[in-house]
Amino acid sequence: MQELPLKQVVLTDYFWRYYQELIKETIIPYQYDVLNDALDIEVEAERKDDYLPKGKSHALENFRITAGKTQGEHFGWFFQDSDVYKWIEATSYVLVKQRDAVLEGLVDEVINLIGSAQEEDGYLNTYFQLKYPELKYRQLYFSHELYCAGHLIEAAIAYDQATGKKELLAIALKLVGNIEQYFGEEEGKIQGADGHQEIELALGRLYEHTGEEKYLTLAAFFIEVRGKDPLFYEKEITQNIADGLTTDNPNVDLFYLQAYDQPKNQQTAQGHAVRMLYMAASMAKIANFQQDEKLLQACLAIWENITTKKMYVTGGVGSTVHGEAFTSDYDLPNDTMYCETCASIALVYFAYELYKIEPKTEYFEVIERAIYNGILSGASVDGTHFFYVNPLEVQPESCHHNPGKGHVKTQRPDWLGCACCPPNFARLIGSIGKYIYNQSEKGLWVNLFIGSQLKGEYFSIVQQTNFPYENQVKIYYEGVKQNVHIRIPKWLHNLTVTGIDDYDLNEGYLRFEAYPQMALVLTFDQPILSISSNPKVLGNMNKVSIQRGPFIYCAESIDNEIDLHQYFIEAKNISQGVVSQTSEILNQTLTIEVQAKKQQSWTENVSYQYNQDVIFESKSLKLIPYHLWGNRGETEMRVWLNC
């Protein structure tokens, strides 16, 4: 299964063009100004902790100081460089669609700055260069040096593909050369991996970009060596203390780092969610290229564990703030979960790599769920506010006063001290076109209903649709004969196909042979669906969530009365809900109104009463797509509703 060049896909889709334009016109310039400390905004810590960086980004200034262009000290997280790299990658996806001399010039300036900060031997990490040069590659349990390197590599690939300019790629390859000098199976080299996975995935992509086998080999090394010696990080710390380089002697959680065993032996999702999923995505990529069956089986076991027991209905993952981590099976609290935007993005990467091995619809069911819900919710519709945590239930007073919910923001901040999510959002949504189509020896694959045109070497295909606002997709094909496979989502009902007679529908795909010039029309319903949880998910007992099309819906008190937890919906009323199109929030917003009842509040201002009658009032409950919540001021919000 091949990825198609992003420049071959042109989006005409109303819904997605809004977000593409938002990235180009607002998010990219805004993020540059934030990284450059040029805006008077509030930069919040990602959770309540006085030790966490906040107040400014300083990311570009760290490079200037390292390059000797200004004076000062490093500020911010030790992985702050990656924010700049992800911004470049996101900008590259804008430039793929349309070259822009002004924007390109800005990126070139940043690339020159990065090159000026790089050391002669190729090493590049402003935190260690400025603060602890003697500890380069010696604190791998936390350093993120290779994590940052991975994001630099991915940015360099994207910029090369967008512009053909090689300067950033040369910087990245020089850094990879430095990594090769220090890491590997050879005697005398470091036999360990970075605490935060990313280099493995980036090296796999570098192999795809250059065709050089050595990069895939190095990626496989970092996967193979992880957990091979569970005492590696302890030995590293002990040696640093013995050499007088540090007095730090932290406890290292190998499950948090996915280093308790080699990845090929792991069967469940453990520890930090983003690390886990970046690793899983790289495992799948390596398994694909190297035909490593054991690594693939580990990927499939991890996938099954996540998607059947540890994933939220929005495509969110990571159920606790402690370690931003996975917990036990079916432990999916709605009000204290983490569901980091980056974790949903990483889940998409993992699903996509598995899909390229075997094109099962289940992978794109998850990709679609995550993109339309758990990822889009990560940014405001104005493009200048961002969530790190994406909750499924918010009661503002509780969030403000309960320290156990200090990470749950009731409004998207201007920026975050740990700003991994905002540029990650921009690069994923900016590259949405890569997920629409794929090609293999079995033909062309259409994965998402998104108005677009794909121009291949010997064919072109057009999707003409106003989905999700309308229930029809027209497909026009010109070119060589080939089989076409169109994914039919599970939420779609009553599909009719006109324009062709010879097709089959099985395993979630509509399949037909496309001939040189043809057209077909898919017409379908998007019913309002109720979703129930496994009874083992304690917080969702006697509750339902509501989905229409790819969107999960939620209730906000701004549209209803306060105390959303007192509303109840009867199952029979859900499918009879009324769908309306309004100009609220987005120019086109689809809302749902369902009949409900609301428990009356007690007249007595007490916590408990004996033998109290429960009295209900008939109400209607208005719902909006989950990804749009929190755009109209502070409000209660709920995804799971009493029934």
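So, which residues in α13 meet which residues in α16? From α13 we have Thr341, Cys342, Ile345, Val348 and Tyr349, and they meet Cys421, Asn424, Phe425, Arg427 and Leu428 in α16. By class, that contact has 7 nonpolar, 2 polar and 1 charged residues. Here Ala, Val, Leu, Ile, Met, Phe, Trp, Tyr, Cys and Pro count as nonpolar, Asp, Glu, Lys and Arg as charged, and the others, Gly among them, as polar. Contact means heavy atoms within 4.5 Å.

Quick housekeeping. This is a predicted model, where local features need pLDDT of at least 70 and side-chain atom pairs count only at pLDDT 80 or more, while totals for chains, interfaces and linings use all residues. Residues are numbered from 1 along each chain as its sequence is written, and side-chain values use heavy atoms, with hydrogens and water left out.

Back to those helices. α13 is residues 341–357 and α16 is residues 421–430; helices (H or I, at least four residues) and strands (E, at least two) are DSSP runs, numbered from the N terminus. Their axes come within 9 Å and cross at roughly 35 degrees. Axes are lines fitted to C-alpha atoms, for helices over the stretch in contact, with angles from 0 to 180 degrees between N-to-C directions.

α13 also lies across β1, β6, β7 and β14, running at about 30 degrees to β6. Those strands sit in an open, mixed sheet of 6, ordered β1-β6-β7-β11-β14-β13. At the edges are β1 (2–3) and β13 (504–506), each pairing on one side only. Two strands pair if DSSP finds at least two bridges between them. β11 (482–487) and β14 (509–514), for instance, are antiparallel over 6 bridges, and Gln482 has Ala514 of β14 as its bridge partner.

Now the aromatics: the whole structure has 49 aromatic pairs. Rings of Phe, Tyr and Trp (its six-membered ring) pair if their centres lie within 6.5 Å; planes under 30 degrees apart count as stacked, over 60 as edge-to-face and the rest as tilted. Phe15 and Trp16 have ring centres 5.2 Å apart and planes at 85 degrees, so that pair is edge-to-face. Tyr141 and Phe142 are tilted, at 5.4 Å and 50 degrees.

Is Trp16 buried or exposed? Buried, at 1% relative accessible area; the cut-offs are under 20% for buried, over 50% for exposed, partly exposed in between (1.4 Å probe, protein chains only). Phe15 is buried too, at 4%.
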